[in-house]
Structure formats: C-alpha cells, structure tokens
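Visitor: I'd like to learn how to read a few features off a model. Could you walk me through one?

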Amino acid sequence: MSASPLRSLLHRFFPFLAVLGSVTALGIGTSWAKHWLFPVVGAQGTTAVRVGFSALLVLLLWRPWRWHLSRADARAVMLYGAALGGMNLMFYMSLRTLPFGLAVAIEFAGPLAVAIWSSRRAVDFVWVALAIAGLGMLLPLGLNGSTLDPVGVFYALGAAVFWGLYIVFGKRAGHLHAGHSVSLGLLMAALVVVPVGVVHAGAALLSPTVLLIGVAVAAVSSAIPISLEMMALKRLPKEAFGIMISMEPAVAALVAMALLGEHLSVVQWLAIGCIMAASMGSAMTAARPAAVDRAAPQAA
C-alpha cells in the first residue's frame with residue numbers, strides 16, 4: 001500500500017484508535033493503581049496520589065492562570081471539580097471489593113441517566129430497559145444469586161451519581177477552554193480527595209515507591225487519555241464520541257482480566273453488554289441540541 005492511501009486510512013480511523021487508546025490507557029493506569037497502591041495506601045490514599053499528581057501534571061501543561069475567571073465561572077468550576085473528586089473517591093472505594101469492569105459498568109448508569117433525562121423521548125425507554133436489565137444482573141438484590149459485595153456496589157452507584165453531577169456542572173463551565181476548566185477542575189478535585197487520603201494513609205503517601213508509581217498512574221490514566229480524547233473530539237461529533245466511549249466497560253474488563261486476573265462470569269459479561277448497548281443506543285439516537293458530552297472524566 002502506498003504512503004498516500006495508508007495516510008488516508010490512518011486519518012479515517014484515527015478517532016476510533018484515539019478513543020480506544022484513551023480507554024485502554026485509563027484501564028491500565030487504574031489496574032496499576034489497584035495492584036500496586038491499594039495494598040500500601042488503600043483506596044483513599046490511591047485516590048489522593050492519583051488525583052493529586054494528575055492535577056499537578058495538567059496544571060503544568062495548561063497553566064490556567066493565564067486566563068481570566070469570573071466569579072460565576074469559578075463557582076461552576078468548583079462544583080465541577082468537587083463532583084470529579086467525589087466520583088474518583090467513590091470509584092476507587094468500589095474497587096476494593098468489585099472487579100474493575102463491573103465497577104465501570106455500574107458507574108456508567110450516571111452519564112446514561114443524564115443523557116436519557118436530557119432527551120426523554122419514546123425510544124429512550126428501550127435504553128432504560130436495557131440498562132435496568134444489565135444492572136439487574138449485577139446488583140445484589142437477592143433475586144439473581146449475585147455475589148457482588150453490597151458495599152462495593154453502593155460505592156459504584158455513588159460514583160455514578162457523581163459522574164452525572166460532573167456532567168451537569170461541567171456543562172455550566174462548557175464555554176471555557178477545555179484546558180482551563182479541566183486543570184482547575186482537577187485542582188478542586190485534589191483539594192477534595194487529598195485530605196481524605198492523608199488522614200487515611202498518613203506518611204505512607206510520601207514513600208518514594210508510592211510517589212513514583214503515583215506519577216506513572218497519573219500520567220497513564222490522565223495525561224494520555226485527556227490528550228487522546230481532545231484529539232478525537234476535534235474529529236468526531238459528540239454523539240459518535242459517546243458511542244465509542246461506551247467501549248470502556250468491556251475494555252476495562254479485558255484489561256483487568258489480563259493485568260489483575262479478574263475473570264467474569266457469562267452473566268456478568270452479558271450485563272456489561274446490556275449497559276454498553278444502552279449507552280451506545282442513547283448516544284446514537286440523541287438529538288444534537290440535547291447531546292451530552294460524556295467524555296470519560298479520567299476517573300476509571
């Protein structure tokens with residue numbers, strides 16, 4: 001194949017490859033965090049290290065002090081960042097007892113609920129039914145013989161609520177430059193979660209090993225995914241991006257299988273499939289004015 005057709009082919013498939021690379025990097029970073037950091041500093045300390053270093057890296061990258069910020073925008077960014085911090089903390093707390101892929105699938109209920117609420121058309125009942133079917137296979141309601149830890153499920157649902165709030169508050173700051181809002185939002189998220197991690201893990205957070213792994217996790221699960229998603233969003237409508245980002249639960253489950261040895265049952269894979277189908281369907285049928293920006297907020 002000559003250089004020109006190859007270049008054309010790569011240009012055509014680049015958005016898909018960028019999104020796939022983003023969710024894969026996110027999965028690898030989170031798996032590293034669960035494997036290397038959880039045993040040393042716990043979920044709270046891991047969240048503090050990961051979000052703290054992510055905020056530092058993004059602040060150095062975007063230097064948000066260059067832009068003016070009104071009082072109303074500052075309030076919107078604070079709410080957006082607080083929701084981001086709460087989502088990260090709830091998600092990592094859920095990973096203590098839940099497989100990575102299932103925690104991501106449950107967490108997807110948040111953006112899916114916001115997307116459907118923004119539209120509320122007849123076709124959305126199909127996606128609601130699919131999502132409920134998927135969640136029903138996972139949640140420990142005593143009806144399906146689920147062995148998932150109820151506390152872990154509670155934290156994953158809490159992460160879903162915070163993800164929904166992140167989207168709502170993020171739209172209020174949507175007129176700001178992405179680098180401006182993301183960097184200040186991550187700073188606010190760090191102010192929320194770092195004190196929790198310090199109280200829980202204390203001086204263990206200052207271990208050279210923890211700091212080194214924390215920087216690697218922050219780079220792989222924040223800097224790389226953010227960059228790839230921004231490049232993909234420049235070339236894709238938000239609806240198409242929402243469809244592609246719906247791969248995340250399956251990619252997370254596959255990465256966790258390879259790196260953490262977390263194997264899921266057939267029913268659990270079917271549940272992930274239902275939730276992914278609901279997310280893809282919602283993004284596919286979303287009206288353009290009501291489209292929800294469902295870029296993964298570098299939590300999972």
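Visitor: How many salt bridges does the count come to by this rule?

Guide: The general idea is that side chains of opposite charge can pair when their charged atoms come close. The rule asks for a side-chain nitrogen of Lys or Arg within 4 Å of a carboxyl oxygen of Asp or Glu, and by it the count comes to one salt bridge. The side chains of Lys34 and Glu262 make it, at 2.6 Å, N to O. That pair links distant parts of the chain, 228 residues apart: Lys34 is in helix 1, and Glu262 is in the loop between helix 10 (248–260) and helix 11 (266–285). Helices here are DSSP runs (H or I, at least four residues), numbered from the N terminus.

A word on the source: this is a predicted model, where local features need pLDDT of at least 70 and side-chain atom pairs count only at pLDDT 80 or more, while totals for chains, interfaces and linings use all residues. Residues are numbered from 1 along each chain as its sequence is written, and side-chain values use heavy atoms, with hydrogens and water left out.

Visitor: Are Lys34 and Glu262 buried or exposed?

Guide: Buried means under 20% relative accessible area, exposed over 50%, and partly exposed in between (1.4 Å probe, protein chains only). Lys34 counts as buried because its relative accessible area is 16%, and Glu262 is buried too, because its value is 15%.

Visitor: Next, the core. Which residues touch the most other members of the largest nonpolar core?

Guide: In soluble globular proteins, nonpolar side chains tend to be buried together. A nonpolar core here is a set of buried Ala, Val, Leu, Ile, Met, Phe, Trp, Tyr and Cys residues joined through side-chain atoms within 4.5 Å. In this model the largest one has 61 residues, and Ile106 and Leu138 touch the most other members. Helix 1 gives the largest share of this core, 10 residues. Another core, of 12 residues, lies apart from it, with Ala18, Ala232, Leu236 and Met244 among them.

Visitor: And what is Ile106 in contact with?

Guide: Contact means heavy atoms within 4.5 Å. Leaving aside neighbours within four places in sequence, the partners of Ile106 include Leu98, Leu135, Leu138 and Val153. Ile106 is also one of the buried residues of helix 3; in that helix (residues 100–107), eight of eight residues are buried.

Visitor: What about rings? How many aromatic pairs does a search of the whole structure find?

Guide: A pair of aromatic rings is described by the distance of the centres and the angle of the planes. Rings of Phe, Tyr and Trp (its six-membered ring) pair if their centres lie within 6.5 Å; planes under 30 degrees apart count as stacked, over 60 as edge-to-face and the rest as tilted. The search finds six. Tyr80 and Tyr166 are stacked, with 5.0 Å centre to centre and 25° between the planes. Tyr80 sits in helix 2 (residues 71–94) and Tyr166 in helix 6 (residues 150–172), 86 residues apart. Both are buried. Phe91 and Tyr92, by contrast, are edge-to-face, at 6.0 Å and 80°. Ring pairs also link Phe38, Phe91, Tyr92 and Phe100 into a cluster.

Visitor: One last stop: where is Val23 found?

Guide: Val23 is in helix 1 and counts as buried because its relative accessibility is 2%. Not counting residues up to four places away in sequence, Val23 touches Ile245, Glu248 and Val251.

Note on methods:
Helices (H or I, at least four residues) and strands (E, at least two) are DSSP runs, numbered from the N terminus.
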